[in-house]
Amino acid sequence: MMQINLFKKTGWLFWHRWLGLITCIGLLLWGLSGLSHPIMTRLQPVPAQFTPPPQHLDLSHSLSPVKLLAMHHIPFVSGVSLIEYDGQQLFRVSTDASLPARYFDSANGRELKDGDRLYAEYLASHYSGRNRLAVTNSSLINQFSDEYPEVNRLLPVWRIEFAGSDHLRAFIDTDQARLATLSNDWRYQLTKVFRFGHNWSFLDSTPRLQVSLMTFVLVIAISSGISGLILYVKRGRYAANRLANQPARRWHKRIGLLVATSTLLFAGSGLFHLIMSFQQARQTAPDLALKLVDVEQLSDQVWSELSAQTMSRLRLISESETPLWMLAKDTDAPMAQVAMMSHEHHHATPAQEPSSSLLINANGSSEAAPDLIKLAKVQATHYAQLPIDDITATSVVSQFGGEYGFVFKRLPVIKVQFKNKDHLRLYIEPETGALAAKITDIDATEGWSFAYLHKWEFANYNKDFRDILVALFVLGNLCTAFLGIWLFTRKWPASSTR
């Protein structure tokens, strides 16, 4: 009987030691990179402005788009909008999303050479507060990279770099006049550290191996934490005498017990997030087909009626069967909110709600034009591959919060909910036809788990307090790991009966 009991005790200790050794790999990578995150959020550049420059459009002296596009022999367009730039009123014309848009003076039709780059530099100066004369490099980006990772979501964007020791870079979406993110040398290096340790970016080229290894280590970390708690319960009453002359073991036990719950929370929620992220990455939503509008479809009569009005925003929407002019008349409302980069900026001015925008048939059709809610419903049915009758509710989202957090970047959007078993809800940016987020009940559960169990947003009433609290528990886990490694190497291959 004594041998069986001894086997049980030494068995738990044996497995705890070896599981703990593997766990230490993950703790060191995730712990050290996790500590870099609050530093990164505090050192990242903060925008000088959070909304695009205000616009007051006057179409009374403007050429019609039909005449302008015929003048430049452009028969088809995917997008046309009117913008203000350096006191000029310009048509922004796009025929291919991967290529820079072209810009034409609305009064005389003269083309502004390199207009998309100049407009991006103008917006970068507005958002960053830096002088446009300090721009040293501008380039159009059509794919994600280490410097502009996929978490930023928006493409294509212009990368605008400014002179200075920090090499500030602004990433600008000229189509929606919004800032995707700001970065500098500090932010870039810390992002690399974070992605290396937290996302294991060194395995990005082999995503299946990356996810498999991370899953394995997280499962081992959970098992190590549980085995440590079992050992404490089984051997706790003998600890005082057994560890009297072993301070390293004593502190390993004390600190490990103190941080055990946080280990399980971090690892469990991290594992849930990893699995769900991998599954979501494998689900490809059908893209809305890019519709090229035949310029001859655009009605000069409709344009004449528009020309009698003042507005803050005008855009041709080509994502529907009938081309539509979208206009916003509220000259004081911002066009779109800047893509958020951290929780501190959630107080920024909300985006103009889609409900304040009007849609008009651009081809002069007498049929009633849809509103943006109806347009979003049609777009949502395409992404969901479900009939429009399955939609149970819609609502306008003009600020980040709840299940639609700042990570999704786009505002304003329309939430479209379906009645299927998963309560599918899609967040649609109707103006561009983009699917900003696809969320089911399990996605929402994972989002809550990641926010409250991994990032500890339950303590978010004071961000400094939350970051200090998380950092202390991360340091506790690291101390436990270092002490565990030291004890393992000092005693190995000593008998596990000690």
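## Exercises on a predicted chain

The chain has 11 helices and 19 strands; these are DSSP runs numbered from the N terminus, helices being H or I with at least four residues and strands E with at least two. The model is predicted, so local features need pLDDT of at least 70 and side-chain atom pairs count only at pLDDT 80 or more, while totals for chains, interfaces and linings use all residues. Residues are numbered from 1 along each chain as its sequence is written, and side-chain values use heavy atoms, with hydrogens and water left out.

**Exercise 1. Find the buried residues of helix α8 and work out why they line one face.**

Step 1: Buried means under 20% relative accessible area, exposed means over 50%, and partly exposed is in between (1.4 Å probe, protein chains only).

Step 2: go through α8, residues 300-307. Its buried residues are V302, W303, L306 and S307.

Step 3: look down the axis of α8. The buried residues fall within an arc of 140°, so they line one face of the helix. The arc is taken from the directions from the helix axis to the C-beta atoms. Here's the background: an α-helix has 3.6 residues a turn, so residues three or four places apart point the same way.

Step 4: see what sits over that face. The cover includes α2 (65-71), β4 (88-94) and β13 (313-317), among others; contact here means heavy atoms within 4.5 Å.

Step 5: check the N-terminal end. S299 caps α8 there, with a side-chain oxygen 3.2 Å from the backbone nitrogen of Q301.

**Exercise 2. Which side chains make polar contacts with the side chain of R425?**

Step 1: R425 is in strand β18 (residues 425-429) and is buried, with a relative accessible area of 8%.

Step 2: know the rule. A polar contact is a pair of N or O atoms within 3.5 Å; within protein, one must be able to donate a hydrogen and the other to accept it, and residues adjacent in sequence count only if both atoms are side-chain atoms.

Step 3: pick out the partners. The R425 side chain pairs with that of E403 at 3.0 Å and with that of D441 at 2.8 Å.

Step 4: widen the view. Leaving out residues up to four places away in sequence, R425 also touches others, including K415, Q417 and I439.

**Exercise 3. Is A177 buried or exposed, and what is its phi?**

Step 1: locate A177. You'll find A177 in the loop between β9 (169-173) and β10.

Step 2: read its accessibility. At a relative accessible area of 2%, A177 is buried.

Step 3: read its phi. The value is positive, about 55°, although A177 is not a glycine. For comparison, most residues other than glycine have a negative phi.

Step 4: Q385 lies in the loop between α9 (372-384) and β16.
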